There are 2 protein chains.
Amino acid sequence: MTRAWTLQARPNGMPVATDFALIEMPAAALQDGEVRVANRWLSVDPYMRGRMNDVKSYVPPFALGEPMQGGAIGEVIESKADGIAVGDMVQHFLGWRDEAVLPGTQVQKLPDLAVPPQQFLGLLGMPGMTAYFGLLRVAEAKPGDVVFVSAAAGAVGSTVVQVAKASGMTVIGSAGGADKCALVTSLGADAVIDYKSDGPLVKKLMTALGEIGKDGIDVYFDNVGGEHLDAALATGNMHARFAICGMIDIYNSAKPTELRYLARLIGMRIRMTGLLVSDHIGHAAEFYRVMGGWLAEGKLHNSETVFDGLDAMPEAFLGLFTGGNTGKMLVKV
Amino acid sequence: MTRAWTLQARPNGMPVATDFALIEMPAAALQDGEVRVANRWLSVDPYMRGRMNDVKSYVPPFALGEPMQGGAIGEVIESKADGIAVGDMVQHFLGWRDEAVLPGTQVQKLPDLAVPPQQFLGLLGMPGMTAYFGLLRVAEAKPGDVVFVSAAAGAVGSTVVQVAKASGMTVIGSAGGADKCALVTSLGADAVIDYKSDGPLVKKLMTALGEIGKDGIDVYFDNVGGEHLDAALATGNMHARFAICGMIDIYNSAKPTELRYLARLIGMRIRMTGLLVSDHIGHAAEFYRVMGGWLAEGKLHNSETVFDGLDAMPEAFLGLFTGGNTGKMLVKV
């Protein structure tokens, strides 16, 4: 028997444990062209919250009672697909389960970089590409720019900090609590804001800018939305570029976003652009080449939070919304 | 003696008549290189509200007690500047007064197009350029695109409608009240929304889209902000582009903008860009050539609201915020 997490009920606001159910299924027989993968690592990502709602979006909603999906890395244990052998380590999209059966065309062998395999779910995977392409292609950040990044201790944010520093930018990161702020500093950020400390975020950002002798920000990489986005609008320099990657602030909420500084978009000709990594996958070779080079030079630090065992998957997922992770959130099967 | 409007007090919220005072000044003696212009037409624009606040912006605030400034067109009545002769019609930036003395380098002779001179403050002036460059350069609107424009009966909006139609786009305009909606229709819009009628704007926009057999918008030209911007976010197609030109909703208000559909920016990879016409002045020759061509083909209709006499300037200005104008708001001196 194989085991998989299903969505039992659509969450209303913050999800709860009873929205999820672990089911057992007989192992599927392998068809021609398919592979059987024993999952070793499951990706846990904020965007999954969106698929739990029954609304049209860029990915279809999870069906109630069906195994959920998500990034995963595993070992091929049976193969009827050309070019894929038993023992190959692959990544694919049938996570939230211990074993996946799928066409060989839907798995990808891990790139040849000497790192632990789970990094292809984080620093060298979808979050890393999101950070790299969002910063360099969407926000068009340039050496010398002042970059503000929210959730800077998260999987995407921590990579933004490192890509920006490796590219000669000045970086201000925000994170919640002393431990995460210390991580962001250790990654090379020039200034760090604790968004959980007292006071309005816009004042903290202005103070941080003053400390590093800067007047405003050229780039904002948004993982949070809400007050963070407003603080970025308040401090955006002329022709500042914002890459809008996530708004974890409102994923579990129906309340509107309140922006006091939106009109600065006009006077400062600020550009805000929504970002999905899928638009940039065609540039993956550049990503692996550049990131691989920085990795070899010791410029990249991997950071992850690991929950143990398939049973822990919902707990790990809920932890994303309560600040439970530093770096990439993972489940080790 | 000459007369000029000064700012007497900085408005708190909606300006009132007593914020303005008309003063008399002796006519200045003309220095070498200067011209004296008898103003014939004064421009009345929403952006002027921003200069009444004492905050740093893209233009400095009006000084209390000093003559205010703004677009103006007049006749040269005395000249000590090379190349400028008595009788020349010129445009310049010393409005809000009956007579202007300024360096010849700061006036511009009107382009050679056979139209009434005040059109160079509207359809063929700053509002027209804002519409043209905002639509075609900032939002990168293309033939076949579905364009939504707010305040479509205003100086900028009415030009957006016409430039879009002349360029082969589908246009939905919003305006307040039956008369203005009729004007927008007469300019060629495919559908019109009365924002003053009952019901949420997002529903009206979806209904309008349904009537013309479209699913969403490719371009939004924002003159209003607030609920209009939110409705645009709710209906934006994949990779939609928004040119953010004005937010008349909040010019007189300290309340934050509430957006319920902001997260669609991410899923749909929408791009929002702030727009000031000054960034695009280098392309003015293209503007006059293309607009001049459409004018000659009878594709452009000028629309203006005229207040009579310098005394009426504050009344005309206040009218901008109560829907008092159709097309370009002007004062005829």
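Visitor: Which residue stands opposite Thr257(B) in β13(B)?

Guide: Leu259(A) does. Strands here are DSSP runs of E with at least two residues, and helices are runs of H or I with at least four, numbered from the N terminus. Two strands pair if DSSP finds at least two bridges between them. In this predicted model, 3 bridges join β13(A) to strand β13 (residues 257–259) of chain B, and the two run antiparallel.

Visitor: What should I know about the numbering and the limits of the model?

Guide: Residues count from 1 along each chain as its sequence is written, while chains are lettered from A and ligands numbered from 1 in the order in which they are written. Because the model is predicted, local features need pLDDT of at least 70 and side-chain atom pairs count only at pLDDT 80 or more, while totals for chains, interfaces and linings use all residues; side-chain values use heavy atoms, without hydrogens and water.

Visitor: How is the area buried between chain A and chain B made up?

Guide: The size of an interface is often given as the accessible area lost when the parts come together. Buried area is that loss, taken with a 1.4 Å probe and summed over both parts. Here it is about 2,500 Å², and carbon and sulfur atoms give 67% of it. In contact terms (heavy atoms within 4.5 Å), 29 residues of chain A meet 29 residues of chain B.

Visitor: How many salt bridges cross the interface of chain A and chain B?

Guide: Side chains of opposite charge can pair when their charged atoms come close. The rule asks for a side-chain nitrogen of Lys or Arg within 4 Å of a carboxyl oxygen of Asp or Glu. It finds 2 across this interface. Asp279(B) forms a salt bridge with Arg269(A), with the closest N and O atoms 2.7 Å apart.

Visitor: Which element gives the most to the side of chain A that touches chain B?

Guide: That is β14(A), with 4 residues. The residues of this side divide into 17 nonpolar, 7 polar and 5 charged. Here Ala, Val, Leu, Ile, Met, Phe, Trp, Tyr, Cys and Pro count as nonpolar, Asp, Glu, Lys and Arg as charged, and the others, Gly among them, as polar.

Visitor: How many salt bridges does the whole structure hold over all chains?

Guide: The search finds 22. One example joins Glu75(A) and Arg40(A), at 3.0 Å from N to O. This pair links distant parts of the chain: Glu75(A) sits in strand β4 (residues 72–79) and Arg40(A) in strand β3 (residues 34–43), 35 residues apart. Arg36(A), Glu78(A) and Glu99(A) form a network of salt bridges.

Visitor: Is Glu75(A) buried or partly exposed?

Guide: Buried means under 20% relative accessible area, exposed over 50%, and partly exposed in between (1.4 Å probe, protein chains only). Glu75(A) is partly exposed at 26%. Arg40(A) is partly exposed too, at 32%. In another salt bridge, Lys299(A) meets Glu297(A) at 3.2 Å, N to O. Lys299(A) is partly exposed at 43%, and Glu297(A) is exposed at 52%.

Visitor: What is the phi of Glu140(A), and where does Glu140(A) lie?

Guide: Most residues other than glycine have a negative phi. Glu140(A) has a positive one, near 50°. Glu140(A) is in the loop between α2 (126–138) and β8 (146–149) of chain A, and is partly exposed at 35%. Arg269(B) also has a positive phi, about 50°, although it is not a glycine. Arg269(B) lies in the loop between α7 (264–267) and β14 (271–274) of chain B, and is buried at 9%.

Key. Buried area = accessible area lost by both parts, 1.4 Å probe.
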